[in-house]
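Here is a short walk through one protein model. Keep the sequence and the 3D view open as you read.

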Amino acid sequence: MENQSIIVFTHRNIEFLTKLNGSTSWSLNSGRAMKCEYVICTRNRNNPLADNDFDHGSAFLIGKITNVTQALNLPRDEHRYMIEFNEYAEVSIPKFWKGWRSPVIYKNTKELGIDFDLLDWQFVP
């Protein structure tokens with residue numbers, strides 16, 4: 001199986017995601033998600049809680065996945081998972097989200113068109 005990454009469609013902002021050390025809370029296959037390299041967060045501006053910081057569908061944060069754990073908001077998110085990362089890069093890639101029906105998409109990392117080695121990786125504070 002090729003190296004995969006997870007693309008998520010979120011209203012959360014960079015500050016929230018880095019304070020949490022992850023992207024939460026998602027209905028996903030935790031075993032498959034643990035084998036993924038990166039989580040790529042794309043802006044859902046249609047959510048009324050979204051900041052007016054990035055265009056709708058833009059990729060804005062990429063995290064190196066370190067773990068997939070139970071979501072924090074129990075019992076509401078009992079069957080949901082948080083994708084944790086300890087390094088992240090801020091990006092601005094317009095129209096990255098392709099209108100997929102599910103807010104969690106698995107894609108072949110090599111087919112994403114991103115040179116991950118050139119990103120300015122930062123450790124989560």
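**Cysteines, a loop residue and a glycine**

The count of disulfides comes to zero, where a disulfide is a pair of cysteine sulfur atoms within 2.5 Å. In general, a disulfide is a covalent bond between the sulfur atoms of two cysteines. Take C36: the closest cysteine sulfur is in C41, and at 13 Å that is too far for a bond. C41 is in no disulfide either, with the sulfur of C36 as its nearest, 13 Å away.

This is a predicted model, in which local features need pLDDT of at least 70, side-chain atom pairs count only at pLDDT 80 or more, and totals for chains, interfaces and linings use all residues. Residues are numbered from 1 along each chain as its sequence is written, and side-chain values use heavy atoms, leaving out hydrogens and water.

Are these cysteines buried or exposed? C36 counts as buried because its relative accessibility is 6%. C41 is buried too, at 0%. Buried means under 20% relative accessible area, exposed over 50%, and partly exposed in between (1.4 Å probe, protein chains only).

Now find N44. It sits in the loop between β3 (38-43) and β4 (59-70). Strands are DSSP runs (E, at least two residues), numbered from the N terminus. N44 is buried, at 15% relative accessibility. Its side chain reaches the backbone nitrogen of N46 at 3.0 Å. Beyond its neighbours within four places in sequence, N44 is in contact (heavy atoms within 4.5 Å) with F9, T10, H11, A50 and H56.

Last, look at G99. It lies in the loop between β5 (81-93) and β6 (104-108). G99 counts as exposed, because its relative accessibility is 58%. G99 and G57 are 42 residues apart in sequence, yet 8.0 Å apart in space, C-alpha to C-alpha.

Notes:
Helix = DSSP H or I, 4+ residues; strand = E, 2+ residues; numbered from the N terminus. Polar contact = N/O pair within 3.5 Å; in protein donor to acceptor, adjacent residues only side chain to side chain.
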